Amino acid sequence: PHHSLLYKELARLGRTCPTLPTELRVLNQEIIQPCLPSALILDLDSSVETVYGDQEGAAKGTNPHKPGRKSYHPLLAFEGQTR
């Protein structure tokens, strides 16, 4: 699926396969974790994305560009050495 639909697809798959979150966590630990350096720096940040219309999951909140508008406020994590 398109990257913007990933969470929606995972939620849909989670309803039909309740063990999906556990299986994904194990997969991450077995495949991805050995590829990571032993010392890892994570930069945590957030962003505001203004939405138009009545989109699911959007809420009024802090939006410095368009105060009072509905927006998403995703939390982001970056690996600090290579970004």
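Let's start with an open sheet of three strands, which has the order 2-4-3 and antiparallel pairing. Strands here are DSSP E runs of at least two residues, and helices are H or I runs of at least four, both numbered from the N terminus; two strands pair if DSSP finds at least two bridges between them. Strand 2 (49-50) and strand 3 (59-60) are the edge strands, each pairing on one side only. This is a predicted model, in which local features need pLDDT of at least 70, side-chain atom pairs count only at pLDDT 80 or more, and totals for chains, interfaces and linings use all residues. Residues are numbered from 1 along each chain as its sequence is written, and side-chain values use heavy atoms, with hydrogens and water left out.

Now look at strand 4 (residues 70-72), where you will find Ser-71. Two bridges join strand 4 to the antiparallel strand 2, and Thr-50 has Ser-71 as its bridge partner. Why does Ser-71 count as buried? Because its relative accessibility is 8%, and buried means under 20% relative accessible area (1.4 Å probe, protein chains only). Leaving aside residues up to four places away in sequence, Ser-71 touches Val-48, Glu-49, Thr-50, Val-51, Ala-58, Ala-59, Thr-62 and Asn-63, where contact means heavy atoms within 4.5 Å.

Finally, strand 5 (75-79) and helix 1 (6-16) each supply at least two residues of the lining of the largest pocket.

Definitions and conventions. Buried < 20%, exposed > 50% of the residue type's maximum accessible area, 1.4 Å probe, protein only.
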